[in-house]
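Please consider the structure shown below. The paragraphs that follow begin with one pair of side chains and then widen to the whole chain.

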Amino acid sequence: MGTSDLSTEEPTTPTGRSWRRHSAEFKARVIDLARQPGVSTAAVALANGLNANMLRRWVREADGCAPSSAHKDTVAVVPAFVQLPMPPQTPPTLPPASTQTPSTVAVEIRRGGTTVQAELPLDTRSAAWLREVLG
């Protein structure tokens with residue numbers, strides 16, 4: 001179905017700034033065209049000289065969805081906080097002492113063509129030295 005098949009030939013471009021009023025029959029025909037499977041709402045709107053958003057609103061209203069402006073005086077109901085059941089948390093278990101962190105760390109630093117390898121104890125002095133060298 002091409003865009004020439006989607007036109008219903010009612011609207012004309014108004015002179016000056018005025019709102020176009022469309023008959024109920026025109027709206028019904030355009031809405032029926034927009035509801036066809038595989039047909040783009042925007043293509044139907046373009047073929048009929050309509051704004052695509054306006055046609056989408058007409059389709060929504062025809063489907064029984066009220067426009068957002070109709071809900072100005074109603075209060076939005078926000079659902080209360082709903083707590084979901086959570087399984088009880090178990091504290092993390094530490095590995096046995098034999099598999100805990102090693103007492104030394106191996107460091108390899110490359111600068112240009114020079115490589116320095118060192119095995120340092122895990123203490124604050126080694127950390128300070130690394131910060132100084134890498135900083």
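Arg35 and Asp63 are joined by a salt bridge, with their closest N and O atoms 2.6 Å apart; the term denotes a side-chain nitrogen of Lys or Arg within 4 Å of a carboxyl oxygen of Asp or Glu. This pair links distant parts of the chain, 28 residues apart: Arg35 lies in the loop between helix H1 (24–34) and helix H2 (41–47), and Asp63 lies in the loop between helix H3 (52–62) and S1. Helices (H or I, at least four residues) and strands (E, at least two) are DSSP runs, numbered from the N terminus. Arg35 is partly exposed, at 40% relative accessibility. On this scale, buried means under 20% relative accessible area, exposed means over 50%, and partly exposed lies in between (1.4 Å probe, protein chains only).

The model is predicted: local features need pLDDT of at least 70, side-chain atom pairs count only at pLDDT 80 or more, and totals for chains, interfaces and linings use all residues. Residues are numbered from 1 along each chain as its sequence is written, and side-chain values use heavy atoms, with hydrogens and water left out.

By the rule given above, the salt bridges number 3. One of them lies in helix H3, where Arg57 and Glu61 are 4 residues apart and therefore separated by about one helical turn; the N to O distance in their salt bridge is 3.5 Å. Arg57 is partly exposed at 35% relative accessibility, and Glu61 is partly exposed at 34%. Another salt bridge brings together the side chains of Glu108 and Arg110, at 2.6 Å from N to O. Glu108 is partly exposed, with a relative accessible area of 41%, whereas Arg110 is exposed at 61%.

The strands come next. S1 (residues 104–111) and S2 (residues 114–121) pair in the antiparallel sense over 8 bridges; pairing requires that DSSP find at least two bridges between two strands. Arg111 has Thr114 in S2 as its bridge partner. Together S1 and S2 form a hairpin with 2 residues between them, and Gly112 in the turn has a positive phi of about 65°.

What pattern does the chain follow along the sequence? The order is α-α-α-β-β-α, made up of 4 helices and 2 strands. Of the 135 residues in the chain, 16% are buried. Among contacts (heavy atoms within 4.5 Å) between residues at least 6 apart in sequence, 35% join residues at least 24 apart.
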